[in-house]
Amino acid sequence: MPRTSSPNRRRRGEGLPDEMLQRAAEVFARKGYDGASLQDLAEAIGMQKGSLYHWIETKEDLLVAVIERAHEATLASNVRWRDVEDPVEALHVFVADHARVAIEHQLATRVYLQDFESISAARRRDVLRSRDSYEAELRGLLERGQATGRLRDGVDVRLSAFAILGMVNWLAIWYRADGDLRPDDIVRELAAMAVAGVVA
């Protein structure tokens, strides 16, 4: 497993290989942050606990890296809606792509949801700033729909944004790859539900 080039970045848990973060996410998703020990994480990653300290300083470094990777995946993947002129169609695309990321990065998203509050306040700040900006984009999209008369009367934009994100993010908790529902069907249905909930 190749190391990153910067010791400072490595000690902070940044720039870690995808395989390492995937194994760490599996442990955090199964045991939770408080229940997962560094020994658990080292064994899952496939190295001695002492060797793990070449990559991180604390268990929190791994948690932060997993959560940041999940958030970065959402930001990088959910961009197609910006090129859609119609606000209702753009909302459909926004929700569909967000849902697809939640499925494709299920474990990391689940860790984000269940263990985000375990991160120290100082290290939460950057993720919160980026998350708030992302939520503001969704609210702006809803406001566009409202301004053009495409949303039904009385829609609370802030509440609707929270409801949509909550519905889609919860995929990371209940989705099962071996279940009856296929990812494409889930993505399509959730996007349709989100749109139906706000359009005129």
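The largest pocket of this predicted model has a volume of about 340 Å³. Its lining is made up of 17 residues, and the ones closest to the centre of the pocket are H98, Y112, L113, R131 and N169. The second largest pocket holds about 220 Å³ of space, and the salt bridges in the model come to a count of 15.

**The largest pocket**

- Five helices, namely α5 (59–77), α6 (87–104), α7 (106–115), α8 (121–147) and α9 (157–169), each contribute at least two residues to the lining of the largest pocket.
- Among the contributors to this lining, α9 gives the most, with four residues.
- Sorted by class, the lining of the largest pocket consists of nine nonpolar residues, six polar residues and two charged residues.

**The second largest pocket**

- The second largest pocket has 13 lining residues, and those that lie nearest its centre are L21, Q22, R69, H105 and A108.
- At least two residues of this lining come from each of α2 (18–35), α5, α6 and α7, with α2 giving the most, at four residues.
- By class, the lining of the second largest pocket divides into seven nonpolar, three polar and three charged residues.

- R23 and E19 form a salt bridge in which the closest N and O atoms are 3.7 Å apart.
- Both of these residues belong to helix α2, where R23 and E19 are four residues apart, which is about one turn of the helix.
- R23 is partly exposed, with a relative accessible area of 31%, and E19 is also partly exposed, with a relative accessible area of 44%.

**Other salt bridges**

- D40 is paired with K31 in a salt bridge whose closest N and O atoms are 3.1 Å apart, and K31 counts as partly exposed at 39% relative accessibility.
- R131, one of the residues closest to the centre of the largest pocket, forms a salt bridge with D132, the closest N and O atoms being 3.9 Å apart.
- D132 is partly exposed at a relative accessible area of 39%, and R131 is partly exposed at 26%.

Definitions and conventions. Residues are numbered from 1 along each chain as its sequence is written. This is a predicted model: local features need pLDDT of at least 70, side-chain atom pairs count only at pLDDT 80 or more; totals for chains, interfaces and linings use all residues. Side-chain values use heavy atoms; hydrogens and water are left out. On a 1 Å grid over the protein atoms alone, a cavity is a set of points where a 1.4 Å probe fits but cannot get out, and a pocket is an open set with protein on both sides within 12 Å along at least five of seven lines; lining residues have an atom within 4 Å of a point. Grid points are joined across faces, edges and corners, and a volume is the space filled by probe spheres set on the points. Ala, Val, Leu, Ile, Met, Phe, Trp, Tyr, Cys and Pro count as nonpolar, Asp, Glu, Lys and Arg as charged, and the others, Gly among them, as polar. A salt bridge is a side-chain nitrogen of Lys or Arg within 4 Å of a carboxyl oxygen of Asp or Glu. Buried means under 20% relative accessible area, exposed over 50%, partly exposed in between (1.4 Å probe, protein chains only).
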